[in-house]
Amino acid sequence: MMRNKKSQLKLALFLAPIMVILLSFTGIIWAFNVAVRSYIERITSNELEYEFELLDLYYGGGKSDDNENKTNDDEKSKSDIFQEETGFLITVYYAILDKNYSEVLPVDSPMYSEKEAEISKIISSYFKSHRDMIKEGKPILIKNGDSNLYLKYKSYKTYQGKELILVAYADVTFVLKYTDTLHHILIFLMTGSAIAVILIIWTINKKIDNSFNKLKDYILSIGRREELKDIEEFDYSEFGEVLLSVKEMSNMIDRANDSQKQFFQNASHELRTPLMSIQGYAEGIAGGVHKDNKKAAAVIVKQSKRMSALVDELLLLSRMDTNAQLNIESLDLRELLYDCTWRIKADCDKKGIEIEHLMSKDELFIRADEEKLDRAFINILTNAVRYAKSKITVSCKKETDIFEIRISNDGIPISEKDLPHIFDRFYKGEGGNFGIGLAIVDEIVKQHKGKTEIETDDNLTCFIIKLPDDL
């Protein structure tokens with residue numbers, strides 16, 4: 001199935017340009033023929049009509065010397081114009097027929113050649129066999145063997161009292177043969193061009209196919225997680241760009257696998273520690289080892305709560321990974337932050353930590369998921385309580401279309417070693433808990449199309465959350 005699709009793609013890459021070329025060449029040749037034939041018909045028809053006009057001047061009832069001079073000038077002028085337009089002069093001949101289309105001239109006339117006499121007979125025969133089809137003044141093309149005659153006729157009734165028909169004709173055989181030669185040359189050139197283009201397209205198609213095969217083998221190697229070998233350069237840079245993207249994808253997969261392994265290792269370790277403590281104290285109570293069962297039970301309760309909190313964090317992180325949908329509503333950031341700080345006040349009072357609020361005087365309404373933002377703020381605040389010495393400062397303001405929330409404490413600074421990994425899952429810095437809380441904060445902020453930053457020095461550690469005005 002996939003092989004057929006590949007063949008169809010290769011066929012399309014090859015045939016589509018060829019069809020365009022063939023159709024284009026066919027259109028060009030057709031347009032050339034139509035244009036040349038129309039041009040020949042037009043200039044020949046004009047010349048025949050011009051000869052009729054001259055005959056009308058000569059035999060139309062006499063003329064003065066001035067008229068004769070004018071006629072000569074007009075004839076010369078028209079002849080010059082015609083030659084400029086066509087580049088060659090078409091010779092016009094005459095044949096005279098009676099009303100029955102029989103020859104009157106040039107039969108047996110010494111003024112006409114045998115060829116003209118023969119052509120006159122051809123014209124007479126044609127007129128007799130096409131009585132109902134021919135019309136006066138309408139150009140007619142007669143083909144007789146290798147000859148091509150272009151003619152017009154006009155009726156005259158003034159010649160010796162007889163009703164005669166004057167036919168003016170031109171032999172355009174040479175012109176048509178010349179255009180046929182040009183036509184053949186054009187076909188030859190276009191055919192040669194088409195063959196050259198086909199060879200070029202075939203070569204390009206072969207190179208593309210070769211590059212596709214290289215890229216396919218490389219991707220399959222990545223899929224099988226084989227050791228990747230260096231690949232020679234592709235014929236086209238675009239395949240190299242795809243290869244770089246594939247390599248980056250492979251690195252992302254490796255990082256994801258490593259992160260997953262690390263996740264399970266850390267989760268197992270974090271769960272095993274309180275579980276072992278619970279198991280040990282429970283076995284001690286059961287075996288009568290502990291004299292103070294209440295104290296042992298308190299340890300079991302404490303470690304159970306620790307496990308429960310860890311499981312809750314893991315479940316929340318899992319839900320965020322599988323479902324990034326937010327429950328958007330309008331809320332006031334100041335009120336949310338006041339509520340969060342009130343919930344940690346008891347722990348702050350136990351440690352003698354002061355909470356300072358530097359809030360904007362104006363209401364700061366934002367469209368966001370209140371439950372998730374609440375969780376993010378609480379995680380940062382509980383982290384601040386863990387490290388603060390005497391003071392936690394919470395501020396909130398809006399600059400242009402960005403809300404900026406800053407939560408700082410005066411505890412020990414974050415080390416340069418820990419700083420790049422502070423939002424990594426299960427990464428615990430000095431004095432950390434599970435290594436999940438800040439990872440949840442970063443994920444929630446990213447879901448809101450915001451970003452989290454950290455500023456730390458010897459006097460202050462500040463978490464900065466920037467959220468857009470509108471999702």
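Visitor: Which residues does leucine 333 touch, not counting residues up to four places away in sequence?

Guide: In this predicted model, leucine 333 touches Leu364, Ile366, Leu373, Phe377, Cys396, Phe403 and Ile405, once residues up to four places away in sequence are left out. Leu333 is also named among the residues that touch the most other members of the largest nonpolar core, a core of 44 residues, together with Leu373, Phe377, Ile392, Ile405, Ile465 and Leu467.

Visitor: Which element gives the most to this core?

Guide: Helix 9 does, with 8 residues, while the elements that give two or more residues include helix 7 (333-343), strand 9 (391-399) and strand 10 (402-409). A second, separate core of 17 residues includes Tyr101, Tyr126, Phe127 and Tyr153.

Visitor: Why is cysteine 340 called buried?

Guide: Cysteine 340 has a relative accessible area of 0%, and because buried means under 20%, cysteine 340 counts as buried. The reasoning for cysteine 462 runs along the same cut-off, since its relative accessibility is 5% and the limit is 20%.

Visitor: How many disulfides are there, by the rule used here?

Guide: The count comes to 0 disulfides, where a pair of cysteine sulfur atoms would have to lie within 2.5 Å to be included.

Visitor: Why is threonine 400 called exposed?

Guide: Threonine 400 has a relative accessible area of 72%, and since exposed means over 50%, threonine 400 is classed as exposed. This residue sits in the loop between strand 9 and strand 10.

Visitor: What is the phi of threonine 400, and what is the phi of lysine 449?

Guide: Threonine 400 has a positive phi of about 50° although it is not a glycine, and lysine 449, likewise not a glycine, has a positive phi of about 60°. Most residues other than glycine have a negative phi. Lysine 449 lies in the loop between helix 10 and strand 11 (451-456), and because its relative accessible area is 62%, against a cut-off of over 50%, lysine 449 is exposed.

Visitor: How do helix 9 and helix 10 pack, and which residues meet there?

Guide: Helix 9 (residues 370-387) and helix 10 (residues 437-447) pack at an angle of about 145°, with their axes 9 Å apart, and helix 9 passes helix 10 in a left-handed crossing. Among the residues that meet are Leu373, Ala376 and Ile380 in helix 9, and Ile440, Val441 and Ile444 in helix 10. By class, this contact has 6 nonpolar, 3 polar and 2 charged residues.

Terms used. Residues are numbered from 1 along each chain as its sequence is written. This is a predicted model: local features need pLDDT of at least 70, side-chain atom pairs count only at pLDDT 80 or more; totals for chains, interfaces and linings use all residues. Side-chain values use heavy atoms; hydrogens and water are left out. Axes are lines fitted to C-alpha atoms, for helices over the stretch in contact, and angles run from 0 to 180 degrees between N-to-C directions. Helices (H or I, at least four residues) and strands (E, at least two) are DSSP runs, numbered from the N terminus. A crossing is left-handed if the near helix is turned anticlockwise from the far one by less than a right angle, and right-handed if clockwise. Contact means heavy atoms within 4.5 Å. Ala, Val, Leu, Ile, Met, Phe, Trp, Tyr, Cys and Pro count as nonpolar, Asp, Glu, Lys and Arg as charged, and the others, Gly among them, as polar. A nonpolar core is a set of buried Ala, Val, Leu, Ile, Met, Phe, Trp, Tyr and Cys residues joined through side-chain atoms within 4.5 Å. Buried means under 20% relative accessible area, exposed over 50%, partly exposed in between (1.4 Å probe, protein chains only).
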